[in-house]
Amino acid sequence: MIDFVNEAKSEAKFFEGKILELRRILHADPELGNQEFRTADKIQKFLGELGIESRRILDTAVIADLKFSNPGKCVAFRADIDALPIDEKTGVEFASRNPGVMHACGHDVHMSALLGAALILKKHVNDSGLGGTLRFLFQPNEEVTGGAERMIEAGCLDGVDAVFGAHVSPEIPAGHVAVKYDEFYAAAELFDVEILGKSSHGAEREKGIDAIQATSELVTDILSMNASNAVITVGAFHAGTVRNIIADSAKISGMIRTFGIENREFLRQEIVRKCEAICKKFGTKFDANLSHGYVGVVNDNAMTDFVRNTAEKIFGADNVHVLHKHEYITEDFGYFLLERPGSFYHIGAGCEFPLHSNSFLPTDEAVLTGAALHAGIAAEFLRA
């Protein structure tokens, strides 16, 4: 049996040409969430060339199993496959061919790294030291309403013992890896509020109830809520028609990002209380629509230890970091972790531009690092 903790990097390097060619193909043809038909076709074509059977669910999600010769456990790895509505400005030869759509969050790296791990491990499918099943989960629509929960409902985790996933990070150098114990990514609560007042002539304010004034104070109250471990955003405010009429309606939309479902529920109720207080003060009425966003990412500490130890053996302890701060970004990988033990980790992007920038472009080394790490974790988990 190959010693993956010592050879994973060289195995990824051996297949470098094929892995990076695949990365360029995927990067150049990005598709938005739930529209990833060509992307799914490319994934299935590559897996088919490796002799790995795959199936399509949810129209654009791809599931595939690599079965080793010996019996054993089943471990799953997830890669998200959708892109963002952004015009790419990287200037590279393999830049997006699709105007207004770009892999600005590194999902091309996520896909090609996981397919690279498939390429590496397919070579060892009959290795006497490996047993069980490696399941590949290629998930659509992470950037919008999420595909993880729907994939779970469709049975993608049936028979799975543990699940892992990764995201590229521009805050980490290329060739480096980072893990986070316990709470990692925030849970989200979405809110849309309409404040209903009474219109009047602008010169006769006393005859109306100014929805803009009431809603402006509501925004201030919401943003000043006493919320520990939370970030609150009001990203949209729409009101009024012309300059000389008191607006009878104003609408705001925002998001709460916090840690822990209990804290999310408290802040959800606090939004309603703020609305009630404003309406009592101004004589307005309100209509609020609050909905749960992603549940947050909470890593299993034992599995995170497993990832950390494996990564240190592959890349050296100096290249593996333990993160201590929370990420207020949201990520639907947390749904997988509600169902199975596992861990979500970061791979160094080696890029100076931030996520969702039109210039964001992780290095090729990030792809090879991800492929080596996924392959090493899978092999260690499935060691017979």
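User: How do the residues of the lining of the largest pocket divide into nonpolar, polar and charged?

Analyst: This is a predicted model, and the values that follow are computed from it. The largest pocket holds about 500 Å³ of space, and 24 residues line it. Helix H5 (148-153), S8 and S12 each contribute at least two residues to that lining. Sorted by class, the lining residues come to 10 nonpolar, 8 polar and 6 charged.

User: Which strands stand at the edges of the open sheet of 4 strands, and why is one side of each left without a neighbour?

Analyst: The strands of this open sheet follow the order S10-S12-S8-S13, and their pairing is antiparallel. A strand at the edge has a single partner strand, so one of its sides is left without a neighbour in the sheet. The strands at the edges are S10 (230-239) and S13 (285-292).

User: Which residue in S13 stands opposite Val193?

Analyst: Strand S8, covering residues 187-196, pairs with S13 in the antiparallel sense, and 8 bridges are found between them. Within S13, the residue that stands opposite Val193 is Ala288.

User: Which helix packs on this sheet touching S8, S10, S12 and S13?

Analyst: Helix H6 (residues 211-223) packs on the sheet and touches S8, S10 and strand S12 (249-258), with a direction at about 170° to that of S10. Another helix, made of residues 261-282, also packs on the sheet, and its direction makes about 170° with that of S13. The helix that touches S8, S10, S12 and S13 is H7.

User: What are the edge strands of the open sheet of 8 strands?

Analyst: The order in this sheet is S1-S2-S4-S3-S5-S16-S6-S15, and the pairing is mixed. Neighbouring strands are turned by 25° against each other on average, direction ignored. The edge strands, each of which pairs on one side only, are S1 and S15 (320-323).

User: Which residue takes a positive phi in the hairpin of S1 and S2?

Analyst: Strand S1 (residues 54-57) and strand S2 (residues 61-67) are paired in the antiparallel sense by 4 bridges, and Arg55 stands opposite Ile63 in S2. The hairpin has 3 residues between its strands, and a positive phi near 50° is found there for Leu58.

User: How many bridges join S2 to strand S4?

Analyst: S2 and strand S4 (residues 131-139) run antiparallel, and Val62 stands opposite Phe138 in S4. Helix H3 (residues 37-49) lies across S1, S2 and S4, running at about 165° to S1. The number of bridges that join S2 to S4 is 6.

User: At what angle do the axes of helix H2 and helix H4 cross?

Analyst: Two packed helices are described by the distance between their axes and the angle between them. Here the axes of H2 (residues 16-28) and H4 (residues 107-122) come within 9 Å, and H2 passes H4 in a right-handed crossing. The residues that meet include Leu22 and Leu26 in H2 and Met111 and Leu115 in H4, and the residues of this contact divide into 7 nonpolar, 3 polar and 3 charged. The axes cross at roughly 150°.

User: What volume does the largest cavity have?

Analyst: Searching the whole structure finds 1 cavity of 30 Å³ or more. Among the residues that line the largest cavity are Arg78, Val109, His167 and His374, and strand S3 (70-80), H4 and strand S5 (162-169) each supply at least two residues of the lining. By class, that lining has 6 nonpolar, 3 polar and 1 charged residues. The volume of the largest cavity is about 50 Å³.

Conventions: Residues numbered from 1 in each chain as written. Predicted model: local features only at pLDDT ≥ 70, side-chain atom pairs only at ≥ 80, totals over all residues. Heavy atoms only, no water. Axes fitted to C-alpha atoms, helices over the stretch in contact; angles between N-to-C directions. Left-handed = near helix turned anticlockwise from the far one by under 90°. Contact = heavy atoms within 4.5 Å. Nonpolar A, V, L, I, M, F, W, Y, C, P; charged D, E, K, R; others polar. Pairing = 2+ DSSP bridges. 1 Å grid on protein atoms, 1.4 Å probe; cavity = no way out; pocket = protein on both sides within 12 Å on 5 of 7 lines; lining within 4 Å. Points joined across faces, edges and corners; volume = space filled by probe spheres on them.
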